[in-house]
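Here is a briefing on one protein chain. Keep the viewer open and find each residue as you read.

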Amino acid sequence: MNTSVPEYIQFFPTLECNLHCGFCFNRGLKIDGAITAGGFEKLVRKLVDSGIREIDILGGEPTLHPDIARLVDIAANLGLRLNLSTNGTNVALLANLSETYGKDILHIGISLNSNSMTRELEDYISKYRPVLKSIYNRTSIPRPSDICSGTPGITYYLLYMDTVTEYDLTESLPFHDFFKRLSVFREKHPNISGVYCGGFLPDPENNPLLKNVRCPAGTTKLSILPDGSVYPCYLLFRHHEFMLGNIFTDRFDVIWNKPALDYFRTFKGNKCPDTECDLFSECHGGCPAVSLLISNDINAPDPRCIRQ
């Protein structure tokens with residue numbers, strides 16, 4: 001499988017954050033610095049010239065970037081659709097962005113992962129109806145989500161928890177359990193959807209490209225750090241051997257056609273030993289990056305499902 005460009009880019013303008021969430025997939029990464037506005041414009045122009053039309057802005061907490069409003073403006077003016085993921089602590093900035101850009105240009109996604117919500121954030125959600133999302137783990141979802149999941153006009157996502165250490169496995173669920181619980185939530189609140197790696201259950205109806213690949217890494221997306229380093233997926237930032245090049249110094253077509261991506265673009269059957277799982281025939285085996293992080297073997301079964 002090969003396409004001329006990915007469907008979207010996950011870009012991290014900074015990894016600085018004002019919270020210390022125990023489930024954060026980037027926690028502990030020793031990557032300092034933030035991209036400049038000039039560097040970001042250079043990056044975006046290269047993406048647009050390559051045919052890419054969508055970018056996810058993540059972190060860290062991207063609203064801590066001193067020029068985040070300028071970065072959004074640069075990307076919007078160059079015709080990119082943007083998704084901005086935030087913890088919702090800078091409500092004034094979010095309100096300004098929502099007043100400036102329509103949802104056809106900028107989607108703001110707010111993570112709700114505590115058992116409290118400020119009045120300012122609650123008012124912002126009520127007025128602007130951003131996308132909301134919460135990590136789903138053994139502790140369940142936070143209380144604010146009980147309110148927002150039933151609010152008209154709100155799209156609410158339950159995220160399957162990424163695990164980057166063995167300790168995380170104590171909080172995670174096997175994917176089949178998560179999928180069953182998600183189905184129960186959806187019966188009550190149809191505005192709820194699940195977010196999980198396409199390495200579990202691809203969605204060929206909405207994304208035919210994923211039907212015959214191992215996972216979305218390097219197939220429908222790439223992930224880029226503040227210094228321009230490009231990886232197949234953000235969960236591989238800890239493994240330098242998967243760095244594909246640098247967006248500032250390497251041609252995009254060279255990055256996109258690196259042989260290292262062949263692994264992710266090829267599905268050779270579900271290798272999970274749990275053949276009795278109800279999802280086995282549809283599943284692609286889970287997230288290979290998580291297998292690498294926990295088991296030090298990219299071909300190992302997803303450790304969230306297969307526990308010793």
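Asn296 lies in the segment after helix 8 (288–295). Helices here are DSSP runs of H or I with at least four residues, strands are runs of E with at least two, and both are numbered from the N terminus. This is a predicted model, in which local features need pLDDT of at least 70, side-chain atom pairs count only at pLDDT 80 or more, and totals for chains, interfaces and linings use all residues. Residues are numbered from 1 along each chain as its sequence is written, and side-chain values use heavy atoms, with hydrogens and water left out.

**Backbone features**

- Asn296 has a positive phi of about 60°, although it is not a glycine.
- Asn296 counts as exposed because its relative accessibility is 62%. Buried means under 20% relative accessible area, exposed means over 50%, and partly exposed is in between (1.4 Å probe, protein chains only).
- Arg129 is not a glycine either, yet its phi is positive at about 50°. Look for Arg129 in the loop between helix 4 and strand 5 (131–136).
- Arg129 has 26% relative accessibility, so it counts as partly exposed.
- Gly59 and Gly60 are joined by a cis peptide bond, with omega about 20°. Gly60 lies in the loop between strand 2 (54–57) and helix 2 (68–77).

**Helix 1 and helix 2**

- Two packed helices are described by the angle between their axes and the distance between the axes.
- The axes of helix 1 and helix 2 come within 10 Å and cross at roughly 25°. Axes are lines fitted to C-alpha atoms, for helices over the stretch in contact, and angles run from 0 to 180 degrees between N-to-C directions.
- Helix 1 and helix 2 are therefore roughly parallel to each other. Angles under 35 degrees count as roughly parallel, over 145 as roughly antiparallel, 65 to 115 as roughly perpendicular and the rest as oblique.
- Ala37, Phe40, Glu41 and Val44 in helix 1 meet Arg70, Leu71, Ile74 and Ala75 in helix 2. Contact means heavy atoms within 4.5 Å.
- The residues of this contact of helix 1 with helix 2 divide into 6 nonpolar, no polar and 2 charged. Ala, Val, Leu, Ile, Met, Phe, Trp, Tyr, Cys and Pro count as nonpolar, Asp, Glu, Lys and Arg as charged, and the others, Gly among them, as polar.

**Helix 3 and helix 4**

- Helix 3 (residues 91–100) and helix 4 (residues 119–128) pack at about 15°, with their axes 10 Å apart. That makes helix 3 roughly parallel to helix 4.
- On the helix 3 side, Val91, Leu94, Ala95, Ser98 and Glu99 take part, and they meet Glu120, Leu121, Tyr124, Lys127 and Tyr128 in helix 4.
- The residues of the contact of helix 3 with helix 4 divide into 6 nonpolar, 1 polar and 3 charged.

**Buried residues and the core**

- Which residues of helix 2 are buried? They are Ile68, Leu71, Val72, Ile74, Ala75 and Ala76.
- These buried residues of helix 2 pack against helix 1 (37–50), strand 2, strand 3 (81–86), helix 3 and strand 4 (106–111).
- Ile68 has 2% relative accessibility, so it counts as buried. Not counting residues up to four places away in sequence, Ile68 touches Ile57, Pro62, Thr63, Leu84 and Leu93.
- Ile68 and Thr14 are 54 residues apart along the chain, and their C-alpha atoms are separated by 9.8 Å.
- The largest nonpolar core has 88 residues, of which Phe40, Ile110, Tyr124 and Leu235 touch the most other members. Such a core is a set of buried Ala, Val, Leu, Ile, Met, Phe, Trp, Tyr and Cys residues joined through side-chain atoms within 4.5 Å.
- Leaving aside neighbours within four places in sequence, Phe40 is in contact with Phe11, Ile35, Ile55, Leu71, Ile74 and Ala75.

**Two loop residues**

- Pro142 is found in the loop between strand 5 and helix 5 (144–148). Its 6% relative accessibility means that Pro142 counts as buried.
- Pro142 and Ser116 are 26 residues apart in sequence and 8.2 Å apart in space, C-alpha to C-alpha.
- Asn87 is in the loop between strand 3 and helix 3. At 15% relative accessibility, Asn87 counts as buried.
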